[in-house]
Amino acid sequence: MRVATDIGGTFTDLVYVDANGKVGVAKSHTTPPNFEQGVVDVIGKSGIDQQAIETFIHGTTVIINALTERKGVKTGLITTKGFRDVLEIARGNRPDLFNVRYKKPTPFVERYLRQEVEERLNQKGEVVTPLNKDQVKDLIIYFKKEGVEAIAVSYLHAFKNPKHEQQTVELIQELWPEVSITASHEVTKEWREYERTNTAVLNSYVKPIASKYINQLNTKLTENEADSFNYIMQSNGGTTTFEQAKKTPINMVESGPVAGIYGAAYLGEIIGEKNVIAFDIGGTTAKCSLIANGEVKVTTDYYIEKDALNAGYPIKSPVVDIVEIGNGGGSIAWIDEGGSLKVGPHSAGAVPGPVAYGQGGTEPTTTDANLMTGRLSPENFDYQVNLDSVKEAIDAKVGKVYSLTAEEAALGIIRIANANMLNALKLISVRKGYDPRDFTLVAFGGGGSMHAPALAKELGVRKVVVPVASSVFSAWGMLMTDLRHDYIQTYINRFQDIDLEELNSEWNKLESLASQQYTEEHVKEEDIVFNRFVDMRYSGQEHTVKVPLANGNITEETVEQTIRLFHEMHEQSFTFKLEEAQTEIVNLHLTAFGTVQKPKLHKLEKGSTDISSALKETRNVFYENDGWVATKVYHRDLLTPGMSIQGPAIVEEPTATTVFYSGQTLSVDVYGNLIIETEVQ
């Protein structure tokens with residue numbers, strides 16, 4: 001049996017598939033700060049035989065939470081003499097251009113804990129000044145005195161030659177084996193001193209937290225006699241072992257959300273939709289990502305806490321290109337100083353939760369607004385819902401401010417939330433040169449199907465797909481992912497003048513390294529698959545385009561094909577190409593997959609097309625322009641392939657609700673997915 005669990009801000013999800021291909025799901029409340037207990041709870045709620053678990057895959061928000069809430073450990077930095085302030089200097093391309101009081105992000109390591117040693121390599125990785133080991137020994141004594149729990153080591157040009165970093169780590173481990181250490185070359189071999197140093201620092205900052213959490217989770221699984229192969233979801237969309245995750249926890253910064261993106265890509269391939277916009281609404285956030293021609297985009301230009309006013313913190317780690325905003329079911333509606341209605345980014349979370357939960361929440365949320373307008377049914381809550389309390393909260397916090405009824409105020413909350421989500425969807429589609437009419441919107445998460453049909457109409461998407469088990473789809477996506485490691489090496493050379501023998505040698509080194517790592521993880525050689533990419537640019541440019549490169553021996557013909565493809569992709573990304581200009585390689589990027597057998601989707605038998613057999617009730621729903629409308633509500637479990645419903649209507653399941661509108665048509669495909677055709681032409 002394969003089991004996947006995903007911890008969200010509000011709920012912990014579980015999906016399992018047994019030896020017969022049967023798929024089951026479960027959902028329970030997240031249990032901060034002891035998140036591992038939520039995993040145990042949802043396993044117990046699912047009723048599965050824990051001794052039958054062969055493969056366990058886990059997605060977690062522990063790392064991103066530790067970073068954003070500043071709950072990591074006291075960290076020290078050792079760097080090359082003259083470079084202790086690289087974290088303070090950061091970059092000059094500030095986002096808030098006209099703010100004369102703009103301040104750069106405060107480093108995670110204070111200056112007195114950023115220390116230098118004598119050592120120097122040149123840009124070729126050649127030793128200019130040997131490492132002063134006596135200074136390293138002195139710093140160990142100093143860091144012990146200051147109560148440091150983790151150390152990051154980042155030397156100039158270590159991406160080219162890690163010799164001095166390795167010597168430093170060996171010395172620290174010998175003299176202070178208890179402390180957590182991260183050397184920059186262990187997490188990234190890309191250039192750019194600031195980004196590489198910050199990534200090493202953040203990895204050290206959360207390393208003890210990650211180790212403690214993973215150890216506690218492993219203990220819980222062992223106590224329950226689950227003798228399984230255990231894996232954790234990484235930000236690059238693949239999985240890795242518990243042990244590797246403890247070494248480089250920064251690779252889990254987007255552990256949970258990316259699984260749903262890969263699940264959407266896999267589902268799109270099965271149902272014949274190569275162009276997909278994956279859209280996930282949970283209790284705290286909404287996430288979206290664009291998948292063009294079946295390819296999930298992965299980038300190392302990732303930031304946390306970056307927005308229109310703040311530069312954020314760079315992480316040079318492979319992360320699925322995803323846009324995430326603070327708008328989910330638990331997002332709080334509030335009035336700003338200028339009197340404007342806002343929704344999010346603050347969330348009621350799992351505790352106390354929306355007002356509807358009756359657990360002490362007093363601020364109206366998106367969930368409360370959907371309940372107030374009839375989109376949600378009180379029957380589908382785990383708690384006894386007091387509609388009067390919900391109405392009072394919306395009326396007091398929003399309605400009276402604008403002289404609106406509670407229903408009108410609730411609709412206003414929904415419209416603001418939709419506008420926020422629409423902006424996120426535009427960021428990954430029209431603003432990157434893609435026509436939404438060429439894409440299918442795959443909606444999942446607890447609130448995905450609630451909002452997706454309205455957003456599809458606004459964005460211009462013709463089709464919406466609501467998968468089976470949509471509320472736990474990210475966990476389902478984990479069952480469809482392979483083991484994955486990314487190996488990225490800076491290798492700056494003009495492509496037209498490149499030494500092909502040297503280039504082939506570099507690729508062979510990366511592939512040998514990948515094969516060795518997978519051998520240690522007990523992956524068979526025949527199950528290892530390599531994908532090559534090169535980050536390319538025109539000479540003199542700053543930014544690059546990631547271009548696929550054929551496997552095998554690279555020849556002159558391969559070079560010509562790759563350059564032609566680069567011109568095409570550059571035009572797609574930046575609207576122009578310079579076919580006469582020189583091109584450069586900046587990075588070599590090897591993606592190595594350890595493929596696993598994935599569960600197959602079973603086709604359903606066609607049943608009766610009489611939709612009345614699935615009718616649950618007729619309920620009044622409050623719509624924009626139309627007011628209260630008597631709306632038919634259907635049981636999803638009773639819908640079969642071939643059935644069709646004209647909107648407006650609602651389809652309910654225990655943990656998700658699909659709302660679609662007049663002019664839209666819902667049908668059920670052979671796999672049980674809901675297919676909504678919008679009126680977009």
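## Asp13 and its surroundings

Setting aside neighbours within four places in sequence, Asp13 is in contact with Ala4, Thr5, Asp6, Ala26, Lys27, Val42, Ser471, Val472 and Ala475; contact here means heavy atoms within 4.5 Å. This is a predicted model, in which local features need pLDDT of at least 70, side-chain atom pairs count only at pLDDT 80 or more, and totals for chains, interfaces and linings use all residues. Residues are numbered from 1 along each chain as its sequence is written, and side-chain values use heavy atoms, with hydrogens and water left out.

You will find Asp13 in strand 2 (residues 11-17). Helices (H or I, at least four residues) and strands (E, at least two) are DSSP runs, numbered from the N terminus. Is Asp13 buried or exposed? With a relative accessible area of 7%, Asp13 is buried. The cut-offs are under 20% relative accessible area for buried, over 50% for exposed, and partly exposed in between (1.4 Å probe, protein chains only). The side chains of Asp13 and Lys27 are joined by a polar contact of 2.8 Å. A polar contact is a pair of N or O atoms within 3.5 Å; within protein, one must be able to donate a hydrogen and the other to accept it, and residues adjacent in sequence count only if both atoms are side-chain atoms.

## Helix 15 and its two sides

Now follow helix 15 (residues 500-520), which has 21 residues. From first C-alpha to last, helix 15 reaches 31 Å, close to the 30 Å expected at 1.5 Å a residue; the expected span is 1.5 Å times one less than the number of residues. Which residues of helix 15 are buried? They are Leu500, Leu503, Asn504, Glu506, Trp507, Leu510, Glu511, Ala514, Gln517 and Tyr518. Seen down the axis of helix 15, these buried residues fall within an arc of 155°, so they line one face of the helix. The arc is that of the directions from the helix axis to the C-beta atoms.

The cover over the buried residues of helix 15 includes helix 8 (242-247), strand 26 (528-538) and helix 16 (556-574). On the face turned away from the buried side sit the exposed residues Glu501, Lys509, Thr519 and Glu520. Look at the ends too: Asp499 caps the N-terminal end of helix 15, with a side-chain oxygen 3.1 Å from the backbone nitrogen of Glu501. After helix 15 comes His522, whose phi is positive, near 65°.

Helix 11 (residues 387-402) and helix 12 (residues 406-428) pack at an angle of about 75°, and their axes are 9 Å apart. The two are therefore roughly perpendicular to each other. Where do they meet? Lys391, Ile394, Asp395, Val398 and Gly399 in helix 11 meet Ala406, Glu407, Ala409, Ala410 and Ile413 in helix 12.

Most residues other than glycine have a negative phi, and most peptide bonds are trans. Asn293 has a positive phi of about 55° although it is not a glycine, and Ala469 has a positive phi near 55°. Asn293 is exposed, with a relative accessible area of 63%, whereas Ala469 is buried, at 14%.

There are cis peptide bonds to find as well. One runs from Pro32 to Pro33, with omega near 0°; Pro33 is in the loop between strand 3 (23-29) and helix 1 (35-46). Another joins Gly647 and Pro648, with omega about 5°.

Notes:
Axes are lines fitted to C-alpha atoms, for helices over the stretch in contact, and angles run from 0 to 180 degrees between N-to-C directions. Angles under 35 degrees count as roughly parallel, over 145 as roughly antiparallel, 65 to 115 as roughly perpendicular and the rest as oblique.
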